[in-house]
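Welcome! Take a moment to look at it, then read on.

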Amino acid sequence: MEPPENSNACGGEVAVEDAQKIILRWDSTASEEARERMIFEGDREEVDRYLKAVDDIQKSMSSTSISDDQDKVNSNTIQIAMARLEDEFRNILLSHTTPVELDSLAAADPSSSVHSSAAVEYEEDDHVGDDEIQDQIQRVDSSASNSTTSYRSTSSIREIDLIPQEAVGDLQSIAKRMISAGYLRECIQVCGSVRKSVVDANFRRLGIEKLSIGDIQRLEWDALETKIRRWIRAAKVCIRILFASEKRLCEQIFDGIGTAVDDACFMETIKGPAIQLFNFAEAISISRRSPEKMFKILDLHDALMDLMPDIEVVFESKSADSIRVQAAEILSRLAEAARGILSEFENAVLREPSLVPVPGGTIHPLTRYVMNYISLISDYKQTLIELILSKPSTGSRYSGDSTTPDMEFAELEGKTPLALHMIWIIVILQFNLDGKSKHYKDVSLAHLFMMNNVHYIVQKVKGSPELREMIGDDYLRKLTGKLRQAATSYQRATWVRVLYCLRDEGLHVSGGFSSGVSRSALRERFKTFNAMFEEVHRTQATWLVPDNQLREELRISISEKLIPAYRSFLGRFRSHIESGKHPENYMKYSVEDLESAVLDFFEGYTVSQHLKRRSQ
């Protein structure tokens, strides 16, 4: 009788032979039926038999008692089995490549940018689209400064099941046997290749295009704005849902095998798509700077800032270092770009060169553009407070530089650097406007121009709670004081000489036998007043005060000075004119006529050459 161990050996040989037969029966290179059918799509018992056959061969190969010939047979058999399992692995993956329903997932994202609607309003403002002003603003260059930044989280990762659990179990079974047989690389390549094709399909559905950095930088900015909005939406879905879920799938497939393996599979799947995703943001971060790019760059910065904690989680492995580093560097460059754009914007506002006076002394396009711009900047206050850490580079009253205005920080103690930049922009805007006002030949119109523009600045500050809070009531009162000063200067320049005609001095005569009023001097005084008022009326009716309330207040102020003075003058000297010849040639206007004429002022259009006179 043979020893028991020999009996066991014989039994083992039989098991190996049976295992070889099972594996060879499914050799797709030798059987048409094997080529057309997939093991894992059929009977579960057949699946179990095949996997057991692989296990038996692998166990036999680890035995020290097999002959070299048997070892060679086993090696050939295991190669056939691994080729088959690779095909089965691929087929299971391909059977579950339906793209994710991304629209509903993206729509449910609660972290959409709060700035989008404000940006649209800015872009659609009727007064912002002055091409000449924007072109001149964009032609002036400056430099940017560096700063550090911090990360904050606003949303959580949402992992979803990309493949049913039963299929995941089959993939696990195959992966363990392939890796045990030394086919790790093939397993990872198949998994990465198939899943990458799914990620690519989802990218296309999200509108993420395969563009190089050069391609992106050659696009017109209008086209890029649309792509930035789409990228922000897509990036949230990619990081928080797609990439996170792909990572989870890799962990499930290679569960118990080792984190290095599932990390390798994950990187094989998403490294290319991740680089493609972040290349877009990188291209924007290093693109040419100009003021109109500020708000989309801030949107991009905020979106990436919110995603950074999730990026740290999804790409936590050592093999994903390059992706984490790329995202952090892009965030830093976007911050630097925002700082640089603000600096360039300030320099451009200071140097904006248009010299042609705006007709009628109305609001200059530069004023509208700048104030709309900084109003929108204030909507990004929370972001920019973290990015803008240094004070603006200003002039000083001691510098002797006439091309740059003064701004003393001691008067603004306690303000954030961002608030100081907002105030500085208003200061240099007024400085530029003051230079433009000097191109008006009429001094009164120059003062009206400054009044209109400072009033617009004040109203924009009051209309933006964020901007008003940053600038503060003290500086707002200072602005209001400049507004009153401009209005007072206008009235002095226009009406002092007109009202001077209504004085008594020079009208009385005295002689040896009589004293009284000189009728000739009085007639001349009325003629001078009439001519001066008619000229002011004719001219200033074409001037424009676009704000209804300011226009009405200015007319009331004029009437409060002009009408009482004229009524009093008429009361004192009417009889002297009426007792002479042709009084209508001198007393041409009643008080009511003047009151009506004042209502023509600042409407911005030409009135009749002659004032309307009441019926006598």
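Among contacts in the chain between residues at least 6 apart in sequence, what percentage join residues at least 24 apart? The answer is 82%. Please keep in mind that this is a predicted model. The chain has 616 residues, and buried residues make up 49% of them. Its secondary structure comes to 23 helices and 2 strands.

**Helices H9 and H11**

- Two packed helices are described by the angle between their axes and the distance between the axes.
- For helix H9 (residues 184-206) and helix H11 (residues 221-253), the angle is about 160° and the axes are 11 Å apart.
- An angle over 145 degrees counts as roughly antiparallel, and H9 and H11 are therefore roughly antiparallel to each other.
- The crossing that H9 and H11 make is right-handed.
- H9 brings Cys 191, Arg 195, Val 199, Asn 202, Phe 203 and Leu 206 to the contact.
- From H11, the residues in this contact include Arg 230, Arg 233, Ala 234, Val 237 and Cys 238, and also among them are Leu 242, Phe 243, Glu 246, Leu 249 and Ile 253.
- Sorted by class, the contact of H9 with H11 has 11 nonpolar, 1 polar and 4 charged residues.

**Helices H17 and H20**

- Helix H17 (residues 417-437) packs with helix H20 (residues 473-500) at an angle of about 10°, and their axes are 12 Å apart.
- Angles under 35 degrees count as roughly parallel, and H17 and H20 are therefore roughly parallel to each other.
- On the H17 side, the contact is made by Ile 423, Ile 426, Val 427 and Gln 430, while H20 supplies Tyr 475, Leu 479 and Lys 482.
- By class, the contact of H17 with H20 has 5 nonpolar, 1 polar and 1 charged residues.

**Aromatic pairs**

- The structure holds 19 aromatic pairs.
- One of these involves Trp 231 and Phe 280: their ring centres are 6.2 Å apart and their planes are at 20°, so the pair is stacked.
- Trp 231 lies in helix H11 and Phe 280 in helix H12 (residues 259-285), so this pair ties together parts that are 49 residues apart in sequence.
- Trp 231 is buried, with a relative accessible area of 4%, and Phe 280 counts as buried at 9% relative accessibility.
- Phe 345 and Tyr 373 also form a stacked aromatic pair, with 4.0 Å centre to centre and 15° between the planes.
- This pair links distant parts of the chain, 28 residues apart: Phe 345 is in helix H14 (residues 321-351) and Tyr 373 is in helix H15 (residues 365-379).
- Both Phe 345 and Tyr 373 are buried.

**An aromatic cluster and Phe 602**

- Ring pairs link Tyr 490, Trp 495, Phe 529, Phe 533, Tyr 566, Phe 601 and Phe 602 into a cluster.
- You will find Phe 602 in the segment after helix H23 (591-598).
- Is Phe 602 buried or exposed? At 0% relative accessibility, Phe 602 counts as buried, because buried means under 20% relative accessible area.
- Most residues other than glycine have a negative phi.
- Phe 602, however, has a phi near 65°, a positive value in a residue other than glycine.

Terms used
Residues are numbered from 1 along each chain as its sequence is written. This is a predicted model: local features need pLDDT of at least 70, side-chain atom pairs count only at pLDDT 80 or more; totals for chains, interfaces and linings use all residues. Side-chain values use heavy atoms; hydrogens and water are left out. Axes are lines fitted to C-alpha atoms, for helices over the stretch in contact, and angles run from 0 to 180 degrees between N-to-C directions. Helices (H or I, at least four residues) and strands (E, at least two) are DSSP runs, numbered from the N terminus. Angles under 35 degrees count as roughly parallel, over 145 as roughly antiparallel, 65 to 115 as roughly perpendicular and the rest as oblique. A crossing is left-handed if the near helix is turned anticlockwise from the far one by less than a right angle, and right-handed if clockwise. Contact means heavy atoms within 4.5 Å. Ala, Val, Leu, Ile, Met, Phe, Trp, Tyr, Cys and Pro count as nonpolar, Asp, Glu, Lys and Arg as charged, and the others, Gly among them, as polar. Rings of Phe, Tyr and Trp (its six-membered ring) pair if their centres lie within 6.5 Å; planes under 30 degrees apart count as stacked, over 60 as edge-to-face and the rest as tilted. Buried means under 20% relative accessible area, exposed over 50%, partly exposed in between (1.4 Å probe, protein chains only).
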